[in-house]
Amino acid sequence: MIRLYFFIKSSLILGMGLSLIPSAAPGILPPQEPVDGTGQITTSEVKIIKVGVMAIRGVDHTKTKWQPTLEYLSETISGYVFQLVPLEFDTLEEIVANQEVDFVLPNPGMYVELEWIYGARRIATLKNLRLGKPYTQFGAVILRHADRNDIQDLKDLRGKTFMAVSEIAFGGWQMAWETLLEAGVNPYRDFPALDFGGSHDAVVYAVRDGIVDAGTVRTDTLERMAQEGKINRDDFVILNQQTQYQDTFPFALSTKLYPEWPFSTLPHTPVELAEEVAIALMTMPSEHPAAKAGRYQGWTIPANYQPCHETLRNLRVRPYEDWGKVTLGQVIHQYRYWLLFAGVSCFGFSYGLVYLAGRRRIEAQLRKANALLEIRVEERTAEFKAAKEAADQANHAKSQFLANMSHELRTPLNGVLGYAQILQRDPQITAQQKDQINLIYQCGNYLLHLINDILDLSKIEARKMELFPREVHLPSFLMEVVEMCRVKAQQKEIAFIYLPSSHLPDGILADAKRLRQVLINLLGNAIKFTDHGGVTFKVEVISKHPRLPTLQSPLVRLRFIIKDTGIGMTPEQLEKIFLPFEQVGDVDHREQGTGLGLAISQTIIKLMGSAINVESTYGKGSMFSIDLDLPITTALIASKQASTKTIIGCHGKARKILVVDDKWQNRSVIVNVLQPLGFELLEATNGVEGLEKATECNPDLIITDLVMPVMDGLEMMRRLRSLDKLKDLLIIASSASVYELDQQQSWHAGCDDFIPKPVDVAELLEKLKQHLQLEWVYEDFIPKPETIIDAGAEQIHLDAIVPPPSDILLQLYDLSKKGNVFDISQEAEKLEVLDAKFVPFAKVIYKLAKDFNVKELRNFIEQYVDNI
């Protein structure tokens, strides 16, 4: 022990260059009384020593790992209490510069900076435990997936994507960076994408899952994760494997070895205290609880950190970012007297020349300078013009691409949505088939909304997004949203509960497309980040306002609440969720996406005069809410009631309609909609055929596409308007190109109306009624008597229901009180197999469970439970 003391003391004096005279340190209180009457140190003599520790993996993890070590020092060194100060990368230098800590425990890279700038000196080096054995050195591993046989050495990484832990991580990036440079690979030039995962495990998962081609982590990461069962070690291949250290360092290694973390003292800390701390650390037993908590075996004499200096110097990163550069200030200071003499001499010589040359030479120089300036102005103007033209061309190319993409996607969607609407009108389909067809239509309609959102993205960037309020039947609108989201929840086997207020108005005035976009985004996120429990969608009426002077309708304030029991968010994540391209959650919950959903939703809600409010508890779930003031409309209620009747024909003579479209799918949709209603349909594949058939058959109305071969729809309309016989013919333009410019061109060419593709059947029939002055014939609907519920494809009679035995009935009642609709559905299927007499009862509860109508389901079962 005595030899160790003198060895440490001499090492500190020589290595630190500090005076043996103690100096007062921040937080160290001078003793007031040496001892009390019993010879014990009094409370007033306790000195507070602050130790800064880098919190690379968070404050909680840092305290858990290193607080026992500081408690060990407090117990071992009498008269001192050691306090832990977690240090972040962005505050570490400020705290050290202000002398707010007495000791510091940094990683090797950060220690180099503290030693170079602030005079920090190491007093002990960590003996880190890796897989049960102590090591005082570590390095970095450059790895690829075992299937990537196209990458055999470091040079093969050119043109590949790469991931490291952090740009300032010594073992997680800077070691590998130097090794790549030595192999002739410049990561910032040769990698098309260089990402930083934030943790060593994240980098390994990214390489395993093919997100990146290769990555780097510190040594022992692969071995640790394989031991923990997180990965299969055979899935990875080590690049630039270093075999010369295998006898003493049995880990995968791609770089040279560097010393472990140093326990360091600062210039203002007393030397005697630094000596005592060093002795206490080096004599710590390997089985001490502090060593076990920190996952190390102890401490050893300070290692040589010169390799760390050399690496950072080669990389030209802090503190060596200016290494080897000669600044102008240094040159001026070194040769200041010569420069002063030269300046005075030049000034005198120049003054003489100017005096001798006279005003003519000066004027000539000015004229030349003016000429050069004009040339440069012209050059800059030309460059600016060229740049502007290039930007205009890029914007035009972008707009053209979006327009073409929209057109190509809308064409097949027209067939999907068109035939879905045709099948919806088929009276022969069962109720179950109708539900399935409705779901196809709703999903296709949602895809159509997404296509429209892509076109609106440029409007958001240019701040030209506008709202287009229209009358909306609120209950139907909300059910469309619920049905689409309920399917996603069922796929994840989580509950989806819809709780609409009984006081909801039937009609409101709102931009349905934008409101739907926001609700689906919020509900989709809730479902995506919920693995257990469920999602609740609640719509409340907060208040109703009287009619305002600026509005013709009264207002209603609706509150939309989306609550989930998912993973929740931290306060840091809550601050960033509405920023563009931001995604939260771990890798397992992130799906493909751009991270624009919440940012766009917030923009839309702000245009509506409100904001999205969010509350979240990490690990418990989140709740999003929106309060909107919307005008109430009553005109829509009557129209919705009328629209529930099925149109089966029209009064009067059969109308003749010509459909002009080069795509047979588009013509087929319109023909199959209108022909059963008694219309006479004619078809043409381009503008030339359309002109011929219009002249020959004299139709009552033409529905024409715009983009067609041989002759497009615009030219056909111009020629029709130029003919005396057909100049008053009714024409409706229908196109998958929905830009305002296309619609304006259609109006200018002579159309009477415009229908976007995919064609909405209700909109088509409404426009035909308007332009042809039609009177529709509706199918009468007569409900069947003595029935209680539509349970699929049939109506169940009251007297046909036989409840199951009491034990099964009580089990179903208990499940209904818990809201467990999935188990109820399974029990209903078992009942149908158990006995045919229970089939009506099973179908009723299956239908109610499928619709998540928990309250009605519980009431239905309860009436039979009361009779037991």
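A residue is called buried when its relative accessible area is under 20%, exposed when that value is over 50%, and partly exposed in between. Arginine 224, with a relative accessible area of 23%, is therefore partly exposed. The structure described here is a predicted model, and the same terms are applied to the rest of the chain below.

The protein chain has 868 residues, of which 42% count as buried. Its secondary structure comes to 28 helices and 30 strands. Among contacts between residues at least 6 apart in sequence, 71% join residues at least 24 apart. The accessible surface of the chain comes to about 46600 Å², and carbon and sulfur atoms account for 54% of this area.

Nonpolar side chains in soluble globular proteins tend to be buried together. In the present model, the largest nonpolar core contains 70 residues. Within this core, the residues with the most contacts are Phe82, Phe103, Leu157, Phe263, Val277 and Trp299. Helix H9, which spans residues 271–282, gives the most to the core, with 7 residues. Another core, of 67 residues, lies apart from the largest one, and among its members are Leu523, Phe560, Ile605 and Ala849.

An open sheet of 5 strands is found with the order E24-E23-E25-E26-E27 and parallel pairing. Strand E24 (680–684) and strand E27 (753–756) form the edges, each of them pairing on one side only. From one strand to the next, the twist averages 20°. Inside the sheet, strand E25 (residues 701–704) and strand E26 (residues 730–735) run parallel and are joined by 4 bridges. Isoleucine 702 stands opposite isoleucine 731 in E26. Two helices that pack on this sheet are described next. Helix H20 (residues 664–674) touches strand E23 (656–660), E24 and E25, and the direction of H20 makes about 170° with that of E24. Helix H22 (residues 713–722) touches E23, E25 and E26, and its direction makes about 160° with that of E25.

Side chains of opposite charge can pair when their charged atoms come close. The structure holds 35 salt bridges. One of them links the side chains of glutamate 228 and arginine 224, at 3.4 Å from N to O. Glutamate 228 has 44% relative accessibility and so counts as partly exposed, as does arginine 224 at 23%. A salt bridge of 3.4 Å, N to O, also joins glutamate 483 and arginine 486. Both residues lie in helix H15 (residues 474–491), where they are 3 residues apart, about one turn of the helix. Glutamate 483 has a relative accessible area of 24% and is therefore partly exposed, whereas arginine 486, at 5%, counts as buried.

The side chains of lysine 663 and aspartate 662 meet in a further salt bridge, again at 3.4 Å from N to O. Lysine 663 is partly exposed at 33% relative accessibility, and aspartate 662 is partly exposed at 25%.

Notes. Residues numbered from 1 in each chain as written. Predicted model: local features only at pLDDT ≥ 70, side-chain atom pairs only at ≥ 80, totals over all residues. Heavy atoms only, no water. Pairing = 2+ DSSP bridges. Axes fitted to C-alpha atoms, helices over the stretch in contact; angles between N-to-C directions. Contact = heavy atoms within 4.5 Å. Core = buried A, V, L, I, M, F, W, Y, C linked by side-chain atoms within 4.5 Å. Buried < 20%, exposed > 50% of the residue type's maximum accessible area, 1.4 Å probe, protein only. Salt bridge = Lys/Arg side-chain N within 4 Å of Asp/Glu carboxyl O. Areas by Shrake-Rupley, 256 points an atom, 1.4 Å probe, with all protein chains shown as cover.
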